[in-house]
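My notes follow the structure.

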Amino acid sequence: MSEIFHGSFTQQEPIPQAGIDAALAVMKHGRLHRYNTSGDEIAETAQLEVEFAAQTGARYCLAVASGGYAMTTALRACRVGHGDKVLTNAFTLAPVPGAIAAVGAEPVYVGVTQDLVIDLDDLATKLPLAKTLLLSHMRGHICDMGRLMTLCDNAGVTVIEDCAHTMGAAWDGVPSGRWGKFGCYSTQTYKHVNSGEGGLLISDDSKAMARAIMLSGSYMLFEKHRAAPPPETFAQIKYETPNISGRMDNLRAAILRPQLRDLGTLAQRWNDRYRVLEDALAQTTGLKLPVRPAAESFVASSFQFLLLDWSTDAVSEVLARCKSRGVELKWFGGAEPAGFTSRYDSWRYAPSPAMPDTDRILAGIIDMRLPLTFSLEDCAMIGRIINDVVNTVYQGQAAQSRG
Ligand SMILES: *Cc1c(COP(=O)(O)O)cnc(C)c1O
């Protein structure tokens, strides 16, 4: 049996017709800038903010230019600046330490567990080092948020959530992004809704959100926002907050609104695909699947497994054999940053002490995108290919070590 898969791991679905129609309407009237409205028109961007606030249960929402911009704005709005230390996940992607560096702060990395969430014991020991945690729900894995918030609240550490992979997800029924002071989302093509580039920020904190709105480039037009704190909140803030433009435009908002209405269905379809893969690999020797706790309701836009304590050669062989059969896997343990993957110690602008326990886990994390253009049968075939390759390489290793 030597099946070969022919699908594309980077092909998303088209924009729904309602999004295309709404985008065309914006282009036809020409008012793409969010503050360019006619009469009592409510801009697409302002409507998107109202809808996303309602969807997450947040008091306030701000639409911005990217997920990375959402994170830097949240950090600035929490008054994180030059020389401050910010706790963040060692299992991460480049925009997260990048956002911390963008405000002149320094990342302090916290380890990862075998279930691919932040290591709360390691966090507990590092809390005294910083006043802020930029928590990435990396690849959609959510830690015990009740325990995390208790630890951080007791230590006086402000939590900002990076929800680039958890839009639509929740812990204990509370949406991801609603636990910390800010929730940051990306609407970039590879995330859960697609406007090419874009970001969203939610919060219940009036002052912090007023600062975020000023930061994003609202001039003195903040009264045009609907999911925003009342105008009196801006009384002092409007003089004290620099404009660091990063607004979202009406075209992107128009494309996003219908997709957000469909988020529940999209999540279900992703998770159906995830379960097919999980079933296909549940019995594979040498391969470990992360445990998904009952309190976690996730949105599986990607799939991970661990080849824990495998040699670099054996992992490389798995990747090469899968690739030759059309299955594109990414490796978080690679010595050099490649494509979208990198390691906490790839970033020489933010040196960090060695983390042997985390290095051991990162060295085994294999990652795969799960676009909705894959059918359930596609996922079953991918599962068979990975199972077959991992078995073959594992048996080869075992035979070698018997010598
Ligand atoms: C994509 C991503 C971001 C940032 O999103 P952009 O919109 O690309 O700036 C942040 N965190 C994680 C974990 C991401 O994958």
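These entries go from the ligand shell to the pocket.

**Entry 1: the model.** I am working from a predicted model.

**Entry 2: the shell.** I looked up the residues around the ligand and got 14. The closest are G68, D162, H165, S186 and K191. By type, the shell holds five nonpolar, seven polar and two charged residues.

**Entry 3: which elements supply the shell.** I checked the helices next. Helix 3 (67–77) and helix 4 (95–102) each supply at least two shell residues. Helix 3 gives the most, with three residues.

Entry 4: I then looked at the oxygen atoms of the ligand. For the side chain of Q188, I read 2.8 Å between an N or O atom and a ligand oxygen.

**Entry 5: burial.** How much of the ligand does the protein bury? Taken alone, the ligand exposes 380 Å², and the protein buries 90% of that.

Entry 6: I found the ligand in the largest pocket. About 520 Å³ of space lies in this pocket. I noted 34 lining residues, and L93, A164, H165, Q188 and K191 are the closest to the pocket centre. Helix 3, helix 4 and strand 8 (182–186) are the elements that give two or more residues to the lining. The lining divides into 15 nonpolar, 14 polar and five charged residues.

Terms used: Residues are numbered from 1 along each chain as its sequence is written. This is a predicted model: local features need pLDDT of at least 70, side-chain atom pairs count only at pLDDT 80 or more; totals for chains, interfaces and linings use all residues. Side-chain values use heavy atoms; hydrogens and water are left out. A residue is near a molecule or strand if one of its heavy atoms lies within 4 Å of it. A polar contact is a pair of N or O atoms within 3.5 Å; within protein, one must be able to donate a hydrogen and the other to accept it, and residues adjacent in sequence count only if both atoms are side-chain atoms. Accessible areas come from the Shrake-Rupley method with a 1.4 Å probe; for residues, only the protein chains shown count as cover. On a 1 Å grid over the protein atoms alone, a cavity is a set of points where a 1.4 Å probe fits but cannot get out, and a pocket is an open set with protein on both sides within 12 Å along at least five of seven lines; lining residues have an atom within 4 Å of a point. A molecule sits in a cavity or pocket if more than half of its atoms lie within 2 Å of its grid points. Helices (H or I, at least four residues) and strands (E, at least two) are DSSP runs, numbered from the N terminus. Ala, Val, Leu, Ile, Met, Phe, Trp, Tyr, Cys and Pro count as nonpolar, Asp, Glu, Lys and Arg as charged, and the others, Gly among them, as polar. Grid points are joined across faces, edges and corners, and a volume is the space filled by probe spheres set on the points.
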